[in-house]
Amino acid sequence: MALTNPMNPMPMGPWKITVYDQQHFQGRRMEFTSCCQNIMECGMENIRSLKVECGAWVGYEHSSYCGQQFILERGDYPCWEAYSGSNAYHIERMMSFRPIYSASHKECRMVVYDSPNFMGKQWEMCDDYPSLQAMGWGMSEVGSMMVQSGAWVCYQYPGYRGHQYIMECDCHGGEYKHYREFGSHAQTFQIQSIRRIQQ
């Protein structure tokens, strides 16, 4: 069953995700081409495997796009470990998801600041950084950031590990003034690796 959201104000585009209520693409199956705020409203208790066929998506631990975030790029995810990566705590739950409309092949640009409210030392980024400290940032925290184009995923630890935070130019106008705006699960300014989200 393919579901679309007629109330979705975002542009229609090449997004498609297929979710399953059992691991290894077994059990009940549903296809989506737009946002899903609560998978339980579609008759599933949880998502245990999925296939991203088109576009880039972000999944959430809880309904209404809350909790831990998971970057979902094109490919197969046969079990929760495939999309949760090396998170700081064990999660086997994904209850909502949405397309990342600003993911771009062409251009990604972001400015990070060492203090909240776009203050202090700043650094303009347009590439992937597996370790901010190794690339010259010199600290393990980012105080605020401004996404000028594209979409990014920031990680708590070097090597794209730990909690994930999806940053977009069309969310908050691309402005993230404080770690509390990084995501509902954010508890610290700690960000040590960043990469572009490209469809």
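Biologist: Which residues have the most contacts inside the largest nonpolar core?

Modeller: They are Ile17, Val19, Phe32, Ile39, Leu50, Leu72 and Phe97, in a core of 24 residues. One caution before we go on: this is a predicted model, where local features need pLDDT of at least 70 and side-chain atom pairs count only at pLDDT 80 or more, while totals for chains, interfaces and linings use all residues. Residues are numbered from 1 along each chain as its sequence is written, and side-chain values use heavy atoms, leaving out hydrogens and water.

Biologist: What makes a set of residues a nonpolar core?

Modeller: The members must be buried Ala, Val, Leu, Ile, Met, Phe, Trp, Tyr or Cys residues, joined through side-chain atoms within 4.5 Å. Buried means under 20% relative accessible area, exposed means over 50%, and partly exposed lies in between (1.4 Å probe, protein chains only). Of the 199 residues of the protein, 51% count as buried.

Biologist: Which elements give two or more residues to this core?

Modeller: Strand S2 (16–22), strand S3 (26–32), strand S4 (49–54), S6 and H1 do. Those names are DSSP runs numbered from the N terminus: helices are H or I of at least four residues, strands are E of at least two. The protein has one helix and 15 strands. There is also a second, separate core of 22 residues, which includes Val112, Trp137, Tyr165 and Met167.

Biologist: What does Leu50 touch?

Modeller: Setting aside residues up to four places away in sequence, Leu50 touches Ile17, Thr18, Val19, Tyr20, Phe25, Leu72, Gly75, Asp76, Tyr77, Tyr83 and Met94. A contact here is heavy atoms within 4.5 Å.

Biologist: Why is the pair of Phe70 and Tyr83 called edge-to-face?

Modeller: Rings of Phe, Tyr and Trp (its six-membered ring) pair if their centres lie within 6.5 Å; planes under 30 degrees apart count as stacked, over 60 as edge-to-face and the rest as tilted. Phe70 and Tyr83 are 5.0 Å centre to centre, with 75° between the planes, so by those cut-offs they pair edge-to-face. Phe70 is in strand S6 (residues 66–72) and Tyr83 in helix H1 (residues 80–84), 13 residues apart. Both Phe70 and Tyr83 are buried. A search of the whole structure finds 12 aromatic pairs, and ring pairs also link Phe32, Trp57 and Phe97 into a cluster.

Biologist: How do you know that Lys51 lies over the face of Phe25?

Modeller: A charge sits over a ring if NZ of Lys or CZ of Arg is within 6 Å of the ring centre and within 35 degrees of the ring normal. Lys51 is listed over the face of Phe25, at 4.6 Å from the ring centre. Arg180 likewise lies over the face of Tyr179, at 5.9 Å from the ring centre.

Biologist: Why is Ile91 called buried?

Modeller: Its relative accessible area is 2%, so Ile91 passes the cut-off for buried. Ile91 sits in the loop between H1 and strand S8 (96–99). Leaving aside neighbours within four places in sequence, Ile91 is in contact with Glu61, Gln68, Phe70, Trp80 and Ser84.

Biologist: Is Ser149 buried or exposed?

Modeller: Ser149 has 14% relative accessibility and therefore counts as buried. Ser149 belongs to strand S11 (residues 144–149). Beyond four places in sequence, Ser149 is in contact with Glu107, Cys108, Arg109 and Cys169.

Biologist: What makes Tyr160 partly exposed?

Modeller: The value for Tyr160 is 28% relative accessibility, so Tyr160 falls in the partly exposed class. Tyr160 has its place in the loop between strand S12 (151–157) and strand S13 (161–168). Tyr160 also has a positive phi of about 60° although it is not a glycine. Most residues other than glycine have a negative phi.

Biologist: Where does pLDDT stay under 50?

Modeller: Over residues 1–12. pLDDT is the predictor's confidence in each residue, from 0 to 100. Where pLDDT is low, the predicted coordinates should not be read in detail. The protein averages a pLDDT of 88, and 88% of the residues score at least 70.
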